[in-house]
Amino acid sequence: MIVFDASALASAALRVDSVPESALLRAEEVDVFVLSPAVEREIVEVFSRPKFAQAIPQQRREYLLGILRDEAVWFEPTLRVVDCRDPKDDKYLELALAAGAEIIVSGDDDLLVLHPWRGVRILRPAEYLALP
């Protein structure tokens, strides 16, 4: 089970054939994505921000969201977490706990600084790609 945060997905969307996109596509092949309604809302909101909406074609945003939505196992976390220095990122930790995820892929320093967190590895896309 694997969680991708909005920063990793935005990076994948911005750069075709990039390390973040390669990480997403590898995860699609070898892992199981997990999503929660709160995480999906944040990803959609980030993709809708003017700077991303202008920089990323709608078709590409829909393609990447489709990968997640179509492949994901959905969870509704019930345990609240307040471990991240940015409270908005606690939703990713909550999802990882609810799903029993082993990895969170992120480019967000507020999450990365927690690695490892309660047995969950929090990795940059390049670190995820380097795993055996």
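The legends below describe close-up views of a predicted model.

Residues are numbered from 1 along each chain as its sequence is written, and side-chain values rest on heavy atoms, without hydrogens and water. Local features need pLDDT of at least 70 and side-chain atom pairs pLDDT 80 or more, whereas totals for chains, interfaces and linings use all residues.

**Figure 1. Overall fold of the protein, with 8 helices and 5 strands.** Helices (H or I, at least four residues) and strands (E, at least two) are DSSP runs numbered from the N terminus. Along the sequence they follow the pattern β-α-α-β-α-α-α-β-α-β-α-β-α. The C-alpha atoms fill a box of roughly 35 × 30 × 25 Å along the principal axes. The radius of gyration is 14 Å, in agreement with the value near 14 Å for a compact globule of 132 residues; it is taken over C-alpha atoms, and the globule rule is 2.2 Å times the number of residues to the power 0.38. Among contacts (heavy atoms within 4.5 Å) between residues at least 6 apart in sequence, 64% join residues at least 24 apart.

**Figure 2. The largest pocket, with a volume of about 190 Å³.** On a 1 Å grid over the protein atoms alone, a pocket is an open set of points where a 1.4 Å probe fits, with protein on both sides within 12 Å along at least five of seven lines; lining residues have an atom within 4 Å of a point. Grid points are joined across faces, edges and corners, and the volume is the space filled by probe spheres set on them. Of the 14 lining residues, Ala6, Glu42, Val46, Arg49 and Asp108 are the closest to the pocket centre. Helices α1 (6-14), α3 (37-48) and α4 (50-55) each supply at least two lining residues, and α1 gives the most, with 3. The lining has 5 nonpolar, 1 polar and 8 charged residues, where Ala, Val, Leu, Ile, Met, Phe, Trp, Tyr, Cys and Pro count as nonpolar, Asp, Glu, Lys and Arg as charged, and the others, Gly among them, as polar.

**Figure 3. The largest nonpolar core and Phe33.** A nonpolar core is a set of buried Ala, Val, Leu, Ile, Met, Phe, Trp, Tyr and Cys residues joined through side-chain atoms within 4.5 Å. This core has 45 residues, and Phe4, Phe33 and Leu93 have the most contacts inside it. Helix α1 gives the most to the core, with 6 residues. Beyond residues up to four places away in sequence, Phe33 touches Ile2, Phe4 and Leu68, among others.

**Figure 4. Helix α6 (residues 90-99) and its end.** Of its 10 residues, 8 are buried, that is, under 20% relative accessible area with a 1.4 Å probe and protein chains only (exposed is over 50%, partly exposed in between). The buried residues include Tyr92, Leu93 and Leu95. Just after α6, Gly100 takes a positive phi of about 70°.

**Figure 5. Phe52 in helix α4.** Phe52 is buried, with a relative accessible area of 11%. Leaving out residues up to four places away in sequence, Phe52 touches Ala10, Leu14, Val46, Phe47 and Arg61.

Figure 6. The loop between α7 (109-112) and β5 (121-123) holds Pro116, and the peptide bond from His115 to Pro116 is cis, with omega near -15°.
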